[in-house]
Protein chains: 2
Amino acid sequence: MKEKFGALPYIYPIPIALVGANIAGKPNFSTIGDTGLVGIKPPVIYISLHHNHHTTIGVEQNGTFSLNFPSTDMLTKVDYCGIVSGRDINKAALFNVFYGDITTAPMIDECPVNMECRVIQKVYIQHRCMFIAEVVQTYVTDRYVSHENTPGTILPLEDLDPILYALDNCYYRIGKPIGVGYNAGNELNILESKK
Amino acid sequence: MKEKFGALPYIYPIPIALVGANIAGKPNFSTIGDTGLVGIKPPVIYISLHHNHHTTIGVEQNGTFSLNFPSTDMLTKVDYCGIVSGRDINKAALFNVFYGDITTAPMIDECPVNMECRVIQKVYIQHRCMFIAEVVQTYVTDRYVSHENTPGTILPLEDLDPILYALDNCYYRIGKPIGVGYNAGNELNILESKK
């Protein structure tokens, strides 16, 4: 039996990222869950921000931002960066900030994975600004890279230890691997094709 | 030390969902990871599909689709629905299909959470079709709803037991809860405000 919950956008889990942007030349970071993959080739992602969000000013000004994926040991700072505004607090002081090829997309050294992004399309829906962006460069902390083979590969999610979120307002840890993509369904593929 | 990985859209984790659409009046389901939250109020989500994707035809025709979040016991079928096309296989036969208020957004009864969605904006980026949609109605299987309080609340993610994915091409299970949103950072909030 199904129960109706009204118009609830219950996507789960929600990945937690820190968006980095320069505002009036200074780095600022904000925690969001409104981010996701648009496509791998071309490498496109999006973020969605409230139009009043301090970070929105920087993304509008520069057309660039960063995405930084924290690990669970950063939870206190990550949650804090979702509570307070860069208008009031210099949140960049909480982290070791670095820049890559783009000079207006500040990144957080402590996060295992960082992406520099350039806006290619904007969509405004009521008070939300959706910035669709191409990934320009991706940075991974070397201790999260395996060099057993060439080129190096990024370690499994258990090692990256990301922070997940859900609309029950809880943060979660990642669990165990349970299968390989485009493989776990092969058994059924063989069965069906014999029919 | 950071290592450069090129333009890699390494969002993680990626939520795994089955998109439901009617094509020429028949239900079809496809597994995707290119989905996420745009905003809670208004309740807006998106999906991104290859323009050649069989499901794209249905979403373009009807302007509607469903999002269905499977649990890990459905992994074989879920992966299979990402391997084969609705052009060749009647994937709806794998599931108990139901419809809600929208007659062109088929949903999967076995999935704990389902959403009926109506497209409000389309964005075309090279070969990708990004459908931004409002959630019209959300359905939750009753055994995943707690009625300890009124109104009922959806059980934690460990109970919903979703399938996660990453660009290492592995599926993962959800882990343990580690904190409460807009709360885990309060300790730091107090510290900083005393400065």
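# Reading a two-chain predicted model

Visitor: Where in chain B is B:Asp161 placed?

Guide: B:Asp161 sits in the loop of chain B that runs between α3 (157-160) and β14 (164-166). Helices (H or I, at least four residues) and strands (E, at least two) are DSSP runs, numbered from the N terminus. This is a predicted model, in which local features need pLDDT of at least 70 and side-chain atom pairs count only at pLDDT 80 or more, while totals for chains, interfaces and linings use all residues. Residues are numbered from 1 along each chain as its sequence is written, chains are lettered from A and ligands numbered from 1 in the order in which they are written, and side-chain values use heavy atoms, with hydrogens and water left out.

Visitor: What is the phi of B:Asp161, and is the residue buried or exposed?

Guide: Buried means under 20% relative accessible area, exposed over 50%, and partly exposed in between (1.4 Å probe, protein chains only). B:Asp161 counts as buried because its relative accessibility is 17%. Its phi is near 50°, a positive value in a residue other than glycine. In chain A, A:Asp161 is not a glycine either, and has a positive phi of about 55°. A:Asp161 lies in the loop between α3 (157-160) and β14 (164-166) of chain A and is buried at a relative accessible area of 18%.

Visitor: Which rotation superposes chain A on chain B?

Guide: Copies are superposed by least squares on the C-alpha atoms of residues with pLDDT of at least 70 in both. Here a rotation of 180°, with 0.0 Å of shift along its axis, puts chain A on chain B at an RMSD of 0.0 Å. That is the relation of a two-fold axis. The residue of chain A closest to the rotation axis is A:Gly175, whose C-alpha is at 2.0 Å.

Visitor: Why do the copies meet through the same surface?

Guide: Of the interface residues of chain A, 100% are also interface residues in chain B, so the copies meet through the same surface.

Visitor: What does chain A consist of, and how is it laid out?

Guide: Chain A has 4 helices and 15 strands. Its C-alpha trace spans about 65 × 50 × 30 Å along the principal axes. Of its 195 residues, 58% are buried. For contacts, the criterion is heavy atoms within 4.5 Å. Among the contacts in chain A with a separation of 6 or more, 58% join residues 24 or more positions apart.

Visitor: Which residues have the most contacts inside the largest nonpolar core?

Guide: A nonpolar core is a set of buried Ala, Val, Leu, Ile, Met, Phe, Trp, Tyr and Cys residues joined through side-chain atoms within 4.5 Å. The largest one has 107 residues, and those with the most contacts inside it are A:Ile45, A:Phe65, A:Leu67, B:Ile45, B:Phe65 and B:Leu67. Another core lies apart from it and has 14 residues, among them A:Ile132, B:Tyr46, B:Ile125 and B:Ile132. As for B:Ile45, its contacts beyond four places in sequence include A:Pro9 and A:Ile11 of chain A, and B:Phe65, B:Leu67 and B:Phe131 of chain B.

Visitor: Which residues of helix α1 in chain A are buried, and what do they pack against?

Guide: In α1 (residues 54-62) of chain A, the buried residues are A:His54, A:Thr55, A:Thr56, A:Gly58 and A:Val59. The buried residues of this helix pack against β3 (17-23), β4 (26-32), β6 (44-50), β7 (64-69), β10 (113-125) and β11 (128-141) of chain A. A:His54 counts as buried because its relative accessibility is 15%. Leaving aside neighbours within four places in sequence, A:His54 is in contact with A:Ile23, A:Asn28, A:Ser85, A:Gly86 and A:Arg87. Just after the helix, A:Gly63 takes a positive phi of about 70°.

Visitor: Where is B:Arg87, and what does it touch?

Guide: B:Arg87 is in the loop between α2 (75-83) and β8 (97-98) of chain B. Not counting residues up to four places away in sequence, B:Arg87 touches B:Asn52, B:His53, B:His54 and B:Ile57. Its C-alpha is separated by 21 Å from that of B:Phe131, 44 residues away along the chain.
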